[in-house]
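Hello,

Here is the structure I promised to pass on to you. Please open it alongside this message, and then read on for what turned up.

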Amino acid sequence: MNEVQGATKESRAAVAGRVRTVGQPQPLIDGVEKVTGRALYTADLPAAQALTGVVLRSPVAHGEIVRIDTARARALPGVRAVITGADCDVAYGILPIAHNEFPLARGKVRYWGEAVAAVAADDARIASEALELIEVEYRSLPVYITAAAARAAGAVPLHADKPDNIEREVSHAFGDVDGGFASADLVREQSFHYAEVAHAQMEPDCALAEFDPERGRLTLHSVTQVPFYVHLTLAQCLKMDPAAIRVVKPFVGGGFGHRTETLPFEIIAALLARAAGGTVKVELSREQTFTVHRARPETDIRLRIGMKRSGEITATDAEVVQRGGAYAGYGIVTILYAGALINALYRTSAVRYRGYRVYANTPPCGPMRGHGSVDMRHAFETMLDSMAGELGLDPFAVRRANLITPPYRTINDLQVNSYGLPECLDWVEQASGWKQRKGKLSPGRGLGMACSHYVSGAAKPVHWTGEPHATVNLRLDFDGSITLLTGAADIGQGSSTLLAQVAAEALGIGLQRFRVIAADSALTPKDNGSYSSRVSFMVGNAALAAGKELRKHLVDAAARRLETSAEDIECLGETYRVVGSDRAISYREAVRAALAETGPITVKGTYSVPEELQGGKFRGAGVGPSPGFSYAAQVVEVSVDQETGEVNVENVWVAHDCGFAINPLSVEGQVQGAVWMGMGQATGEETQFHDNGLPVRANFLDYRVPTIVESPPIHVKIVESRDPNGPFGAKEASEASLAGFLPAFTSAVAEATGIRVSTLPLTSDRVLDAIHARRRSERLKRARAGS
């Protein structure tokens, strides 16, 4: 293995006298607070004097707002502020080119539950009573719940600038697609349908906003994954100087993409606080959190693949239609990812892609774990399996016929520099007993396999400022403690622990010296946020650079005290020694020497994605490129009850190439979590809406996620391909394993039942319907044969 950035050829084992922190299983540094209940989430923050903020939501899914009368609500004793769309005339959104949402509807509502007005009052009872006093008159418009209905001729536009209700249409072609199909020995085409799925994060949405009218300053505590983007949006919508705003992220109970853009309730809380001249808490119920939404969109895919008898893929032609909901959000990014990430998992020489992101009268969709890639990966892997069967090839053989040899530049300009998929395939094949067991299980049982991949951060930031993509500050003080300051949001994935491990490794000291302060704009450097698995790779590199810089200060100080050159100093944990001698000083002495002239030292580390990793120049090329790609393979074993259609997942074997496991304990948990979320989408998770736009499953009784009862053993293998650009070779570890579960699961069900179903989730009723349909077909064939 060649040396990589920040790594050496030494083994993981601690060398004599040296402290090792990376590559070691490390409990999360905030774990004690979480398991003891001391962790304060936004709803837990002390706010004795806070007013209660509540939101009036639209009872219609599509309509013009004819009149709003708030006079009676304003007159109610105990009401401190009432706001409507008239109080914010600035549209917002995650992408600068797609700002079309307001925190409170202006002139028109586009989905059931959209915020129309809001109240801040002394208590919840008064606030609720005030909502009842607000009068709103609507003029109803046609409601479009499906993408097909929204695109139909004569459909009323949801947005005047999009008369066809298409937010974004994508058309890309790379290589000789028609020639690729002509050279194929087998060409197949299939259509797939995927239900919309929600993030189902544990913590409901909440924001606590405090406005200081004397100073004109705003402080917002919120559940966000992207404090920087929230900061920008608050300044924009409230027309405030960003310097007068402070955004703080407390503990967050999961995000999975739900919180990667500014959400309406955050702006509403700030508007109410300013209007009331005080502190306002807006706490959403589970149903309201479902309505805020930003979930994985309902998707239809038509996919055509050409393949040689050897299993080599010759061409791909895909069309994707996503029901994006009422507003733009991340829609442009999602529809581009669906096409871009057809590539970079296998060798691809010819790909044609057409994508349509469609507006509809449902809550806005957004990014969800595995953003943009999950549904397309299921369709692609499913077709590889069925085509392998037609050609008499083992599914593993088809994948191996299309493996990449890095460094590799895809046809759409994605750069692959590390690639552990071959080892992933080898491990899951052996661990699952594939060769010995495939096709030989008892009736009603089956094995399936699939591969998947994902980015380690988007190579281009959403808001291009010219600044580094990530910044970490380290402060060394008189007591020898080191404070790591980062704007990166730890939302449960363990990023604060990882960053401390990286910096500690660079310094050669233990974690006990570190404390981490994260995501407080008054204290920490700006960071783009926790999305697209960017933190480990990008912020990790910044932490590594900061650690090296602070180490240089300490080594230089030790050299001065020991009257030698810095090149002759070796760091042995808490000791700085002259190489080849017994002359040494302690860490504390080195700190005193370093601080003697300057006082406390603050150093900075930054990271920006190299230009050669930022992709091509065609329209839409900014979505897909990443400084590193992670890879995964998995095998799923299921049992199916042929009389009820119930499917049980019995075992999962998954190997994930994370480059290098900085914290193996955290990596294993992240991989298991990704598989578990994939299982939810595959087996039962599904949002639904009545024809009038009313959500059907906006609670955890009707929106079913797997529980511990349904959760199988998940056997994890960590594969380390050592990316040359990652911190110590690390890449992402929490998303690539999700997408592979879905096709591995449906292939296992196909072996167990002899049926391939092209709609997800594959619920027991759908399985049973397919079994009954097959039985009817078999009876009809027998009857025809007998006649």
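**Aromatic rings**

Tyr229 and Tyr531 are both buried, where buried means under 20% relative accessible area, exposed means over 50% and partly exposed lies in between (1.4 Å probe, protein chains only). Before I go further, please note that this is a predicted model, in which local features need pLDDT of at least 70 and side-chain atom pairs count only at pLDDT 80 or more, while totals for chains, interfaces and linings use all residues. Residues are numbered from 1 along each chain as its sequence is written, and side-chain values use heavy atoms, with hydrogens and water left out.

How many aromatic pairs does the structure hold? There are 14 of them. Rings of Phe, Tyr and Trp (its six-membered ring) pair if their centres lie within 6.5 Å; planes under 30 degrees apart count as stacked, over 60 as edge-to-face and the rest as tilted. The pair of Tyr229 and Tyr531 is tilted, because the ring centres are 5.9 Å apart and the planes stand at 40°. Tyr229 belongs to helix α6 (residues 227-238) and Tyr531 to the loop between β21 (514-518) and α15 (535-562), so this pair ties together parts that are 302 residues apart in sequence. Helices (H or I, at least four residues) and strands (E, at least two) are DSSP runs, numbered from the N terminus.

Another pair is formed by Phe741 and Phe745: with centres 5.7 Å apart and planes at 15°, it is stacked. Both residues lie in helix α18 (residues 736-753), 4 residues apart, which is about one turn of the helix. Phe741 is buried, with a relative accessible area of 0%, and Phe745 counts as buried at 0% too.

Ring pairs also link Phe228, Tyr229 and Tyr531 into a cluster. Phe228 has a charge over its face as well: Lys526 lies there, at 4.8 Å from the ring centre. A charge sits over a ring if NZ of Lys or CZ of Arg is within 6 Å of the ring centre and within 35 degrees of the ring normal. In the same way, Arg106 lies over the face of Phe102, at 5.5 Å from the ring centre.

**Strand β1**

Is β1 (residues 51-57) mostly covered or mostly open? Mostly covered: 5 of its 7 residues are buried. Two strands pair if DSSP finds at least two bridges between them. β1 runs parallel to strand β12 (residues 279-283), joined by 3 bridges, and Gly53 stands opposite Val282 in β12. With strand β5 (residues 115-121), β1 pairs in the antiparallel sense over 6 bridges; there, Leu56 has Ala117 as its bridge partner.

**Backbone details**

Two cis peptide bonds are worth a look. One joins Pro406 and Pro407, with omega about -5°, and Pro407 sits in the loop between α11 (395-400) and β16 (408-409). The other runs from Leu760 to Pro761, with omega near 10°; Pro761 is found in the loop between β29 (759-760) and α19 (764-786).

Which phi does Ala200 have? Although not a glycine, Ala200 has a positive phi of about 55°. Ala200 is in the loop between β8 (186-194) and β9 (206-212) and is partly exposed, with a relative accessible area of 22%. Asp413, also not a glycine, has a positive phi of about 70°. Its place is in the loop between β16 and β17 (415-416), and Asp413 is partly exposed at 26% relative accessible area.

Enjoy exploring!
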